[in-house]
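Here is a short briefing on a few spots in a protein structure. Please keep the sequence and the 3D view side by side as you read.

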Amino acid sequence: MIQHVIARYGEISLKGNNRTEFEKTLQRNMQRALRAWPEVKVERTHGRMLVHLNGAPAEDVMARLARVFGLISLSPVRVVAPDLQAIHEAARALLQDHQRQAGRPGTFKVEVKRVNKQFPLRSPEAAARIGAALLRAGMGWKVNVHEPDVTVYVEIRDVEAFVYGTKVPAVGGLPVGMSGRVGLLLSGGIDSPVAGWLSLKRGVEVEAIHFHSFPFTSERALQKVEDLCQVLANWGGRIHLHTVHFTEVQTAIRKHCPEELGITIMRRMMLRIAERIAAQRGLLALVTGESLGQVASQTLESLRTINAVTCLPVLRPLISEDKVDIIRRAQAIGTYDISILPYEDCCTLFVPRNPRTKPRVEEAEAAERALEVDKLVAEAVERTTMKTFLSAW
Amino acid sequence: MAGRELYFDTAATTPLLPEVREALVAAFDNYGNPSSLHRKGVEAERAMASARAEVARCLGVEGGSVIFTGCGTEANNLAIFGTAWRHRDRGRHIVTTQIEHPSVLEPVRWLERQGWTVTYVPPQPDGSVRADDVLAAVRDDTVLVSMMHINNETGAILPVAEVARGLKARRKVVFHVDGIQAFGKVPACAKEAGADLYTVSGHKIGAPKGIGALYIRQGLRIDPVLHGGGQEQGLRSGTENVLGIIALGVASAVARQHAEARWQHVLRLADRLCAGLADVPGAVLQRPPVASPYIVSVTFPGLRGEVMVHALEEQGLYVSTGSACSTKGQHATASHVLRAMGKRPDEVTGTLRFSLGWWHTEDDVDAALAVVKERIGWLRSLW
């Protein structure tokens with residue numbers, strides 16, 4: 001019977017205060033992720049988390065934990081009486097589980113940790129006895145102490161013993177909330193949600209910023225962005241979405257700026273508005289889904305000209321990714337099917353026939369002269385609304 | 001945002017009629033299954049029988065049967081598959097038009113993939129369909145002619161009566177008319193159409209979504225699509241949607257009483273709307289020579305339908321691009337009707353459909369026109 005789950009985290013290079021903060025944040029995030037099972041308790045112990053199931057279903061709990069950023073692997077733990085016979089039976093069940101999955105017996109070793117020093121056998125002795133019993137059990141398993149398929153861990157405690165060995169990989173990364181907050185420029189496309197997910201994975205809280213240009217983009221396009229935020233919130237726990245009413249900016253650009261620079265100036269306006277929201281919300285950086293060379297606005301010249309309007313760091317986690325890899329990630333995250341719904345987004349409708357692929361900063365500045373930049377930015381920020389999404393998993 | 005809601009999308013769906021709401025509320029707790037032997041069942045059956053009679057009256061038919069279905073699409077499917085399967089020994093040829101609704105086109109295309117032959121009669125550039133073209137397509141092995149009474153995108157009234165007369169000489173050909181945009185608007189529509197099979201939908205005339213019906217002329221046999229407990233004379237098994245049926249009955253009764261007066265009223269509104277739209281710079285009316293006043297189609301070449309819909313919506317005016325049903329995953333696809341009429345791609349994507357309701361007033365039309373002029377002017381200033 002599985003009674004506990006051991007959850008391991010990586011990033012062992014963390015030291016001191018960082019480490020404590022990491023562990024506290026991770027514990028809180030785990031407990032939050034498991035709120036569907038209030039009986040489950042997460043305990044910080046010996047450089048790992050011990051999850052007390054208290055009757056909750058092990059498989060469901062593990063599936064949920066596998067998606068908590070900061071955890072690298074999980075093991076279901078069998079809890080038995082602290083005597084050799086009971087431990088042996090649990091170890092056998094463990095090897096049988098593996099054999100069922102692999103379709104054949106493999107190699108193993110046994111590692112014993114004796115927390116209860118009153119236990120009559122020393123650790124190496126106990127390991128040898130358990131190993132010998134497993135060999136005698138006639139299951140076909142062989143010992144390999146250097147590269148075993150399965151390591152059977154046995155922890156002998158005061159009133160119980162833990163037996164575990166199966167390792168299920170988890171998502172990795174850092175616990176969300178320990179690396180500060182960023183503003184994610186979220187369109188309805190494939191790339192920006194992936195950039196947001198990668199940011200969450202590095203432990204930052206993400207506040208999404210979406211530019212809505214009704215009637216050029218529809219209510220359904222906004223719904224799509226909200227659905228994407230919900231998916232990100234499922235992973236990251238909570239996402240704030242700032243919806244910027246961008247119509248006046250779009251139409252002003254359309255009226256006052258040369259068509260071929262329309263996208264460049266639009267992106268510059270988006271960054272200016274995002275920077276203001278960042279200042280209000282205490283966001284330390286902006287994140288975009290840009291990938292070098294993917295479209296006209298993503299050449300180095302273009303990125304430079306767009307970037308010139310802000311001194312906030314602009315993080316671009318996808319900058320060197322190929323489209324196919326981004327798509328694969330989007331599918332794994334669960335944003336792809338939403339992203340490909342065919343509504344107009346800000347970028348498609350105003351695409352000029354011949355966009356400048358290498359706009360210079362001076363050109364953009366000259367093109368913006370007829371634009372009331374400060375006023376437009378201030379009004380757009382003024383009309384921005386916020387909505388919050390919480391994990392639905 | 002305008003304070004006033006101007007809903008000009010009645011061809012997509014209509015609000016619930018107050019009379020229907022009242023009847024539904026009164027019937028909500030009558031939960032009997034019409035198939036039950038006891039009194040509860042008898043009560044439900046009685047309510048259904050009177051609804052059936054109202055639908056028949058609104059269709060203008062005597063005799064024959066009204067089979068309730070889950071929607072207009074299902075009734076079209078039942079008409080086509082039911083006829084094709086039942087009479088497959090007579091031949092394997094179907095005649096229809098290029099401007100039918102997908103709930104007719106897709107079933108016949110499916111049959112085509114099973115080895116049937118289908119002739120799709122093209123419309124004229126003005127959106128009308130010539131009866132002679134339809135009749136000329138009929139062959140010795142034709143089993144079914146299926147055409148709509150009123151086109152849902154252009155409002156074109158198709159010459160169904162003329163086709164029916166032409167088919168009199170060919171007694172073996174079944175004549176199906178999709179009357180979804182005509183039912184409750186054209187007085188005695190099924191009789192007028194001379195149809196063997198006639199499709200009806202509830203939510204276009206103030207009943208809720210989820211109820212439709214197929215009229216079947218007396219003596220005509222078709223096969224069911226849904227098999228089971230044998231409800232609806234074995235043609236549509238499944239426990240009846242009693243509430244939906246009651247709603248359709250009430251809506252049919254109301255529509256029949258007022259059909260003629262409302263047609264005249266809406267005709268005046270449509271003329272006013274067309275005159276106003278014609279004044280908008282760049283607008284091209286798509287008015288077939290014989291058209292329902294309930295549907296007005298207009299093109300703004302160079303503008304995108306989806307953007308126009310949202311721009312109008314912002315001021316409280318609700319219209320469609322082509323038909324609401326022609327959206328795939330809520331995204332407008334190029335209208336097959338307008339393409340069949342030979343329209344250029346920019347005309348197809350720049351077309352809006354206004355559909356009127358009998359409750360609209362001249363004021364509503366003027367208010368809608370004011371919104372159109374202002375918003376289209378604004379969009380034109382950007383592109």
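T310(A) sits in the loop between α9 (300-307) and β14 (314-315) of chain A. Keep in mind that this is a predicted model.

- Is T310(A) buried or exposed? T310(A) counts as buried because its relative accessibility is 10%, and the cut-off for buried is under 20%.
- A polar atom of the T310(A) side chain lies 3.0 Å from the backbone nitrogen of L312(A).
- Leaving aside residues up to four places away in sequence, T310(A) touches L271(A) and E275(A).

**D346(B) in a helix**
- D346(B) belongs to helix α11 (residues 345-349) of chain B.
- The relative accessible area of D346(B) is 30%, so this residue is partly exposed. That class lies between under 20% for buried and over 50% for exposed.
- The side chains of D346(B) and R344(B) are joined by a polar contact of 3.0 Å.
- With residues up to four places away in sequence left out, D346(B) touches P301(B) and G302(B).
- T299(B) is 47 residues from D346(B) along the chain, and their C-alpha atoms are 9.1 Å apart.

**A sheet in chain B**
- Seven strands of chain B form an open sheet with mixed pairing. Their order is β2-β8-β7-β6-β5-β3-β4.
- Which strands are the edge strands? They are β2 (65-69) and β4 (117-121) of chain B, and each pairs on one side only.
- On average, neighbouring strands of this sheet are turned by 20 degrees against each other, ignoring direction.
- Strands of a sheet pair through backbone hydrogen bonds, in either a parallel or an antiparallel way.
- β2(B) and strand β8 (residues 212-216) of chain B pair in the antiparallel sense, over five bridges. I67(B) has L214(B) in β8(B) as its bridge partner.
- Helix α4 (residues 102-113) of chain B lies across β3 (93-97), β4, β5 (142-148) and β6 (174-178) of chain B. This helix runs at about 145 degrees to β4(B).

**Two packed helices in chain B**
- Helix α2 (residues 39-59) and helix α8 (residues 242-278) of chain B pack at an angle of about 35 degrees. Their axes are 8 Å apart.
- The crossing of α2(B) past α8(B) is left-handed.
- On the α2(B) side, the contact includes A44(B), A47(B) and M48(B). On the α8(B) side, the residues include V242(B), I245(B) and G249(B).
- By class, this contact of α2(B) with α8(B) has 12 nonpolar, two polar and three charged residues.

Methods:
Residues are numbered from 1 along each chain as its sequence is written. Chains are lettered from A and ligands numbered from 1 in the order in which they are written. This is a predicted model: local features need pLDDT of at least 70, side-chain atom pairs count only at pLDDT 80 or more; totals for chains, interfaces and linings use all residues. Side-chain values use heavy atoms; hydrogens and water are left out. Axes are lines fitted to C-alpha atoms, for helices over the stretch in contact, and angles run from 0 to 180 degrees between N-to-C directions. Helices (H or I, at least four residues) and strands (E, at least two) are DSSP runs, numbered from the N terminus. A crossing is left-handed if the near helix is turned anticlockwise from the far one by less than a right angle, and right-handed if clockwise. Contact means heavy atoms within 4.5 Å. Ala, Val, Leu, Ile, Met, Phe, Trp, Tyr, Cys and Pro count as nonpolar, Asp, Glu, Lys and Arg as charged, and the others, Gly among them, as polar. Two strands pair if DSSP finds at least two bridges between them. Buried means under 20% relative accessible area, exposed over 50%, partly exposed in between (1.4 Å probe, protein chains only). A polar contact is a pair of N or O atoms within 3.5 Å; within protein, one must be able to donate a hydrogen and the other to accept it, and residues adjacent in sequence count only if both atoms are side-chain atoms.
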